[in-house]
Amino acid sequence: MVRATSRPRRISSCPASRITSGLTRLELNGSQIGDAGAQAIAQGLTGLTRLELNGSQIGDAGAQAIAQSLTGLTRLELNGSQIGDAGAQAIAQGLTGLTRLFLDHNQIGDAGAQAIAQSLSGLTQLSLDHNQIGDAGAQAIAQGLSGLTLLSLDQNQIGNAGAQAIAQGLSGLTRLCLDQNQIGDAGAQAIAQGLSGLTQLSLRQNQIGDAGAQAIAQGLQKLETLNLDDNLIGDIGAQAIAQGLQTLSVLLLGRNQIGAVGAETLLNSLQDRTLDFLLLHGNPCQNQLMTPESFNTPVARELLSAWRDWLAAGREGNATPLNMAKLLILGEEAVGKTSLVRFLVEGEPRNPDEKKTRGVRQSERIETTAWHPEGCSIRVNVWDFAGQEITHGTHRYFLTERSLYLIVLEDRREDDPPIEKWLRMIGSVAGDAPVIVVINKSDNGKKCLLLDEEALQRCHPQIVGFVRTACNDDAWSRDSIKVLRERIAETLLKDSRFDTLRSPVPRHWLAVKDAVEAKSRASAVLTVADFDAICADPAVVGERVLDADLRRALLRMLHEMGVVVAHGLSREAPAALREVTLLDPNWLTEAIYAVLNDTQLQHRGGRFTRADLAKCLPEDRYPPERLEFILSMMQNRDLELCFRIDGEEEVYLAPAALPPNSPDFTGWDDEALRFRLRYSELPLSVMVRFIVRMAPRLERPENAWRSGVRLRIGAAEVLVRSFRDDRRIEIAIRGEGRRDALAVVRDTFAEIHRGFEDLGVRELVPMPDKPEVEEDYLHLLRLERSKGADCMHCPTGAERDYRVGDLLERVDRRPAGPTSTAAEPTVMRPAVSPAVPTSSNVTYVAPTVFSAGLAVLLGLGWQMPWRIWGLIVGFVWVCFWLFLRSQDRGFLFRRTLILWGLSGIGLVTLRGLSLSLDLPLLKLGFGNIDWIALIGWLAVGVIIGIMAWDERRPPPSPGAH
């Protein structure tokens, strides 16, 4: 987006050099223009006062160009780039009029922070989140930028000393963010003592305990926003905050050590205050008060309303234990889950004619009293999930924390059973929820599938047991089901994670839950009006009046418990999701299954309209007013099953329904930049989500197929293909701006990977002349940092050495995304000239060998006609240059310069021998041709020297083309 001061204008993909001049304000966030684009903007838009190029792959060269030409800037944002200390220093020296500077997610260290502090004394707002700034940088900022009112240094390396310096030197601060540093209690105490004017303070994940919380409560009485998530604060600190901070509108204390006493004090003291957000989720108190699901809201009014109602019910004796749990059955297709559930719940052996499950099959309120010798008062709702891979993406909608999971495997020999995949899926949604691994079809106790059970439990402590079962009509099968029932009941009874099932909750909460479950048997969806009617029905809640905040809190609680699926609870959710709550999970999964398996949809290349959606769904079950809800859910970030095609009215594309056959791209990537991703597990939905997210860069729908896509990113063509059998994704890019395009692709995949639990992603660089040979990208980065870019490395399977700098020159030198699963933390790499090659390098030895022969030819050439002499010498030089180029392109002119010097030494040596020894063969005379040859030799030396000097410059920044 480009904005001028007069009116906003949107651009899509025009080069930066073509942007209209005369602007004073420009925003091109996420444009991936790189250093070349930044340089064009700097040259053509010298009147800018505000520039935002966040996420645009700009490095030090781009920052230097901006600093040299845009001296009128007062606000600059270059977040998410590749700017190091050199770029920060250039900005500090050239843009002295800046008042607001934002350089988050870069590679700036203490030197860059010190330069900013020394030169930009007019700054009032400074943000340097996610860099490599330590105490020295923080101290420099505190000394040099006394006019700051906002300072954000999240995710750096700042400790107590840096926090104390900030507290002493920046007394005018009103907003301070130091998340994910190491300031501890001492740093928090210093801030509380020195920055009494703060209204917003964020110190998430800083090892702050009760002492730091008490100091903040006593010293920062003006605070309106306080974020202390992920610290070590207990009851004492919570009580101090409750009593000391009277003006708060936002209080975030998630994942600390606050128990029932501290939470009670907080919740009681905050009743009469105007608080917008309150977060206590992840503290011990959620297992001691109300229900854990009640604490899963950041909306203060909802939590406080639920607390008042829970207290009143307790005083009136109107509370009873929940005594209800969910039992969720997961596994691949055809492993016998449905037969297992039938035997487990109804006591009936398998039916050979039973149809496979589509979507989710539910069995409600199953009594478990007889499942355990000691009896079990907890009833279970059993959810049997379909095993077809196309439905796996919808499963996460219905997985919940306070549930017991069965992972069902089939007793057959497998080199790689899918247990890890299911454990990752459960862990990503339900945390450490207990899991029982069931090896089904173990007829009469046979053991074809042998698991290392002890190793699995060490790696995954949530596994509470392994049980072998069969579902035949025989004694062994019945005994195996009995063992499984007992293991389930024992887990529900004795596992501490289910203690809250026996905690009392208001009876009318359970009555609302029962009424909603009853409605689900007759209706697939629940509107907001329907839910409000249930909460106002005297037959359900008696004489109680449930206000809007309590109703919303109960709906959120039912969502977290898995009774309903309410993805419209967020205020920013689409209207279709806010209005409708899902009661029957099959209603959604069957609709998605029907759409993706529609033969007409596949014939249309995965494209469909709202009318097509209506045609493939029965109207009585899916009325027209519900189609928007289905489309919204399919486009939801958790599923990403389809996207709307730009430029076409109400036309959507579902990548999972695309043709399976790819176009012929033979030879397309012979000269392309290549990159590779390898996975320990590659779900189908990874490639589907990538196609959905990259839809704006898809030139034609025909350029996408089920396992790949061809894109246009800037001037570059990008080919991305998934090979699931080999668990890898191949990326090939050709055209201008290849490295910038690769950065876009890597960042997109990194964001997708964060939606899964431990895919085991490795980023690999294929060898340019032998792509089947690959090397770990992070290993190449480590080699470059430790041994220099000129280091020679022979990957496993390669037949020759490769220069590390050449391999990385084709790729952007940075980990993908700020929190990529495939990347290590970003480390600042100073730009240094690589070392001259060692004597063992063939391109170092070759000049010495060739120089002797060339010197002889030069000497002999003195007696030959100048044309013959020129042809011979030129031919030898060209052959030698091609030889160097084929061996190692790095430092080509520096090596050639060595040859030039040695050839001159050889010429002078031959001349000296001819004179001193009076050898007939070496007698050389001087004439016009001799002087012309000598001048030419010197001129060539000057040219080679200039090129060699140019090679001494630091390698270009990662964003350069």
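Q: How many disulfides does the structure hold?
A: A disulfide is a covalent bond between the sulfur atoms of two cysteines. This model, which is predicted, holds 0 disulfides.

Q: Is Cys459 buried or exposed, and how is that read?
A: Relative accessible area decides the class: buried means under 20%, exposed over 50%. Cys459 has 60% relative accessibility, so Cys459 counts as exposed.

Q: And Cys471, buried or exposed?
A: The relative accessible area of Cys471 is 5%, so this cysteine is buried.

Q: Where is Ala242 found, and what is it in contact with?
A: Ala242 is part of helix H9, residues 235–244. Its relative accessibility is 2%, so Ala242 counts as buried. Setting aside neighbours within four places in sequence, Ala242 is in contact with Thr265, Leu266, Ser269 and Arg273. As for Glu264, 22 residues separate it from Ala242 in sequence, and the C-alpha to C-alpha separation in space is 10.0 Å.

Q: Which residues touch the most other members in the largest nonpolar core?
A: A nonpolar core is read as a set of buried residues joined through side-chain atoms. The largest one here has 154 residues, and Ile116, Ile141 and Val512 touch the most other members. Helix H20, residues 548–561, gives the most to this core, with 7 residues. A second, separate core has 52 residues, including Ile691, Leu698, Val773 and Val804.

Q: What does Ile141 touch?
A: Not counting residues up to four places away in sequence, Ile141 touches Ala113, Ala117, Leu126, Leu128, Leu148, Leu151, Leu153 and Leu170.

Q: How many bridges join strand S30 to strand S31?
A: Strand S30 (residues 716–723) and strand S31 (residues 728–735) run antiparallel and are joined by 8 bridges. One of the pairs is Phe723 with its bridge partner Arg728 in S31.

Notes
Residues are numbered from 1 along each chain as its sequence is written. This is a predicted model: local features need pLDDT of at least 70, side-chain atom pairs count only at pLDDT 80 or more; totals for chains, interfaces and linings use all residues. Side-chain values use heavy atoms; hydrogens and water are left out. Two strands pair if DSSP finds at least two bridges between them. Helices (H or I, at least four residues) and strands (E, at least two) are DSSP runs, numbered from the N terminus. Buried means under 20% relative accessible area, exposed over 50%, partly exposed in between (1.4 Å probe, protein chains only). Contact means heavy atoms within 4.5 Å. A nonpolar core is a set of buried Ala, Val, Leu, Ile, Met, Phe, Trp, Tyr and Cys residues joined through side-chain atoms within 4.5 Å. A disulfide is a pair of cysteine sulfur atoms within 2.5 Å.
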